[in-house]
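Dear colleague,

I am passing on the model we spoke of, and I would be glad if you looked it over before reading my notes.

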Amino acid sequence: MAEAAAPTEHVVGCAEILLDACATGRRLTRDELESRRAQGARAADAGLALRGLIRDHLAAAREVHPRLPSGSVGPLLAAVEQAVDAFAEGYERAQHQAVRQEEAARREFVDDLLYGRCDLGRLAERAERFGLRLSQAHAVAVAEGSEPYGDGYPVARGIEETVLARFGNRQILLTTKDGRLICVAPGDQPDVLAYFAKQAYAATDGGRVAISRSHSGAGGVVHAYEEALNALDLAERMGLEGPVLHSADLLVYPVLTRDRQAMAELVESVLGPLRQARGGAQPLLDTLTAYFDSGCVATEAARRLSLSVRALTYRLERIHTLTAADPADPHNRYTLQTAVIGARLLGWPDTVA
């Protein structure tokens, strides 16, 4: 008969426990069960496969069986069941703990990455663990929907699986932050962000996605993230249409508001007289917005406002009278349109602060 193979480190002591338990047919003691749980936890920490470890337990039972009195199969099976169950419990507990620690480390990294709260050199070292090389330029896409999303949500998991299945290991980070879905990708791979945007739009049932420009270095990810967030905020305030926004297309708006006080003065100077209109300034501001957004085509602007062309024309004449600026005149149009954009950016007429 061939000599039995030596038990692995994580099954050492199991045979003695089985022999002792089977001698009287007793159940395993609390200390014996705890020792098996501890061995299972150590095996999980060592990265060993559970299937092979259970096979080693069964091999230990086969080694014990010939040393038992006849008729001891039942007690042996019961003891093996308890030993393996305790071992698997310790193994799974350690695995769950490792997963929680990994999730916590990942969340801490994501927070530091997007807020730039950590030493950039240390951040770059940690980034490689999560598949990013911060020495490269990166762009960020941020998606928001009708409800908040977190890590582990079906929507977030589904998008991550789809994107990674399509692009594999391309140094992509998919995560969530403040209820939004986020994708960080190398700046020279716009196809990744475009695909993410497509999937996010579909998964969020018509949500909106903003894609930043590419920025270099660890600080570049923070810049790109903030740029995408600002694009979403601009879209909300300006009523911009379209499911996907590119921050490169919106650069005129930050320029216009760089001197906020000057813009506020322009808005108040040009549009302030509209407050005198019956119903206040807002209806006439909405009229100018629709008129400019429709390319100064009166019929289209009237359709957008659900007005007759005659009613729209009356409103434009009223604006001309109050402001002394004719929306139809090319010389006045630029000033009026800039003031209207400024009003939307600043939340006028509710506030100009």
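Below is what was found, from the whole chain down to one residue.

This is a predicted model, in which local features need pLDDT of at least 70 and side-chain atom pairs count only at pLDDT 80 or more, whereas totals for chains, interfaces and linings use all residues. Residues are numbered from 1 along each chain as its sequence is written, and side-chain values use heavy atoms, with hydrogens and water left out.

The protein has 14 helices and 6 strands, taken as DSSP runs (H or I of at least four residues for helices, E of at least two for strands) and numbered from the N terminus. The C-alpha trace spans about 110 × 40 × 35 Å along the principal axes. Of the 353 residues, 42% are buried (under 20% relative accessible area, with a 1.4 Å probe and protein chains only).

Leaving aside residues up to four places away in sequence, Pro-186 touches Gln-136, Ala-137, His-138, Ala-139, Arg-170 and Gln-171, a contact being heavy atoms within 4.5 Å. Between Pro-186 and Ala-139 the C-alpha to C-alpha distance is 6.2 Å, although 47 residues separate them in sequence.

Key. Buried means under 20% relative accessible area, exposed over 50%, partly exposed in between (1.4 Å probe, protein chains only).
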